[in-house]
Amino acid sequence: MTKFIVRRVFWTIPVILVVILLTFGLMRQIKGNPFRTSERAIPAEIQRNLDRKFGLDKPWYEQYARYVKNVATFDLGPSLVLRNRDVNDIVKEHFPRSLELGGLAFLFALVFGIPLGAVSALKANSWLDYAAMFFSNVGFAIPSFLVATLFIYFFVLQFDFGFPTSGWTGWESKVLPVVALGLAPMAAFARLVRGTMLETLQQDYIRTARAKGLRWRRVISLHVLRNSLIPVVTAAGPTLGFLITGSFVIEQIFAIPGVGRYYVTAVQARDYSVVMGLTVLLAVIVIVANLVVDILYGILDPRTRDVRT
Amino acid sequence: MALLEVNDLSTHFFTREGEVRAVDGVTFSVERGKTLGIVGESGCGKSVTALSIMGLIPRPPAKIVAGSVVFDGQDLTKLPEKRLEDLRGREIAMIFQDPMTSLNPTLTIGLQITETIRRHYDVSKQDARKKAIELLEEVRVPRAANRLDDYPHRFSGGMRQRVMIAIALSCDPKLLIADEPTTALDVTVQASVLDLLDDLRHEHDMAMIIITHDMGVVAEAADDIVVMYAGQIVEHAGVQELFDRPEHPYTEALLGALPQLEGEGIREGRLTAIPGRPPDLINPPPACRFAPRCPYANENDTCTTHMPELREIRPNHWVRSAHPVSEREGSRLGTEVPV
């Protein structure tokens, strides 16, 4: 197991290098210039000086090598657009909020999605099942920005539950954005759990467990649920990555000062270092989430341990 | 009184297409310490009969619509689920056809054995483990103590079936139901698993129901044989009697489909197949279900319009057919016509 983890951690290095290279190439493909803030052309000398200062006059492979070296020392470089701001500062200040929002939405999705799916599967084709699946279909189909807007309309404007519509301070301010962001993955988890549980319930080993006289409660909790969670764990890794990195819209609607705003504005402003820095960070998060998934997978399903080691 | 008495058991599946009469008025009994073989082709209702005894039929769509299953004096069809759970694994154990899928792949086999023991007996984890090792040794799993913490995927099919047998024996049941216990195994492994089952049955003084489509399997292991066709019993006799003097055309055909590699009656040439298919069990016509495939039934026979009764053609030899061997013209039994 340790050997497996060490090898997986080692493999993240080339993945990150490729992510940097791709982002680097894509950003350079977009025409534009980080220093042009208006339509007015910058004098050629100033442009040259700026390019030299940030190393943009060097060939691309030198820029790439230098950037990789800086990342390795946890220096994401200065912002090209925002004066006197390092990318490290932006990450330190704003990233924890995005992490918290995405993490809470993820927990919300798991804590409500799994039981909802389990109840649906155990009461399959009952009104409870139909209601739960209707709810999760709706939750899955409606985009988060619409959910967020509806939440604000109903829970704040029509019936005031005391939730603020913006900011990220007390727990009251976190309820609506977390639920709005977590609703779709919750619905996805519920559907996934329902499907895999129904499939697991049909398995021969469940019949064996019942033939042994085990109590129904134990059959469900040990034999059915555990095996049904394996696909859920597989889906959970990318979902967590998506929630942390994809909360831009929700951050915008609820005016949460997360990292998403910087990400989008940096692309528009051609702020290469900010885009690169955030991309690397988010790539690392997705990679770590998938690593955790693989480790959990090995614990839940002993067969995979033998295949890999 | 017999250990198990199945009386007029009917289990039907209620599907969108209609009511499937998977088991239709089946009656038999199993004496203590004896082995009953249930033989028939796939879909004849033999497995559903076993699952009905265990109370493990999938509900819905299946339902026991009539009859009783009296085990040790109590009717299992009337027991509440909790009481049935106490009986399962403790009094009646079952092993299944496919050992590759019958064990939970994510739990060690040690846990899958001990959880059965600890469900039915109040023993410590250590004692249950000790008992599990003894059981694995008894079913001849090599290096039993070392294999307890292994997962099922590290066992071969034959070894997994041995583990299933160990689980089934863990609480010393009075009745063991073996549903096609060797069908999924290599031919070389089949014999050793069958021998093991037979030995253990004697040692533990269990009664056994062995379900199979293979006449060869029941010939060795069973005391009595029930032949099922399309949800009904078509013939029921002692093993010697059934093999020596089969009466039902279906049984006759089954024996004709059995390859014989040694012995006096060695058959030459091709194996005979039974033409046609078993009937649809949704609203079957009130006729002998084997009539469409029966070489002796013709259109004017009453057996194509009336269901023949299961009748005792000789003492303890029951048959459901209008054309049993001994009543045919030129019968082997009556006139000693050479085969």
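**Figure 1. The contact between chain A and chain B.** In this predicted model, 20 residues of chain A are in contact with 24 residues of chain B. Helix 8 (204-211), helix 9 (216-245) and helix 13 (302-308) of chain A each supply at least two residues of the side that touches chain B. Helix 8 of chain A gives the most to this side, with seven residues. By residue class, the side of chain A that touches chain B holds nine charged, six nonpolar and five polar residues.

**Figure 2. Helix 6 of chain A and its two sides.** Helix 6 of chain A covers residues 144-158, 15 residues in total. From first C-alpha to last, helix 6 of chain A reaches 20 Å, close to the 21 Å expected at 1.5 Å a residue. Ser144(A), Val147(A), Ala148(A) and Phe151(A) are buried. They lie on the same side of helix 6 of chain A because they cover an arc of only 95° around the axis. What do these buried residues pack against? Their partners are helix 7 (172-201) and helix 10 (248-253) of chain A. The other side of helix 6 of chain A carries exposed residues: Leu146(A), Leu150(A), Tyr153(A), Phe154(A), Leu157(A) and Gln158(A).

**Figure 3. Helix 4 of chain A crossing helix 7 of chain A.** Two packed helices are described by the distance between their axes and the angle between them. Here the axes of helix 4 (residues 87-122) and helix 7 of chain A come within 5 Å. They cross at roughly 35°. The crossing of helix 4 of chain A past helix 7 of chain A is right-handed. Which residue classes make up this contact? The contact of helix 4 with helix 7 of chain A comprises 25 nonpolar, four polar and three charged residues.

**Figure 4. Asp205(B), a residue with positive phi.** Asp205(B) is not a glycine, yet its phi is positive, at about 55°. Asp205(B) sits in the loop between helix 8 (187-204) and strand 8 (207-212) of chain B. Is Asp205(B) buried or exposed? Asp205(B) is exposed, because 10 other C-beta atoms lie within 10 Å, and the cut-off for exposed is 12 or fewer.

**Figure 5. Ala230(B), a residue with positive phi.** Ala230(B) is a residue other than glycine, with a positive phi near 50°. The place of Ala230(B) is the loop between strand 9 (224-229) and strand 10 (232-238) of chain B. Ala230(B) counts as buried, because it has 22 C-beta neighbours inside 10 Å, and the cut-off for buried is 20 or more.

Methods
Residues are numbered from 1 along each chain as its sequence is written. Chains are lettered from A and ligands numbered from 1 in the order in which they are written. This is a predicted model: local features need pLDDT of at least 70, side-chain atom pairs count only at pLDDT 80 or more; totals for chains, interfaces and linings use all residues. Helices (H or I, at least four residues) and strands (E, at least two) are DSSP runs, numbered from the N terminus. The expected span of a helix is 1.5 Å times one less than its number of residues. The arc is that of the directions from the helix axis to the C-beta atoms. Two residues are in contact if their C-beta atoms, placed from the backbone, lie within 7 Å. Axes are lines fitted to C-alpha atoms, for helices over the stretch in contact, and angles run from 0 to 180 degrees between N-to-C directions. A crossing is left-handed if the near helix is turned anticlockwise from the far one by less than a right angle, and right-handed if clockwise. Ala, Val, Leu, Ile, Met, Phe, Trp, Tyr, Cys and Pro count as nonpolar, Asp, Glu, Lys and Arg as charged, and the others, Gly among them, as polar.
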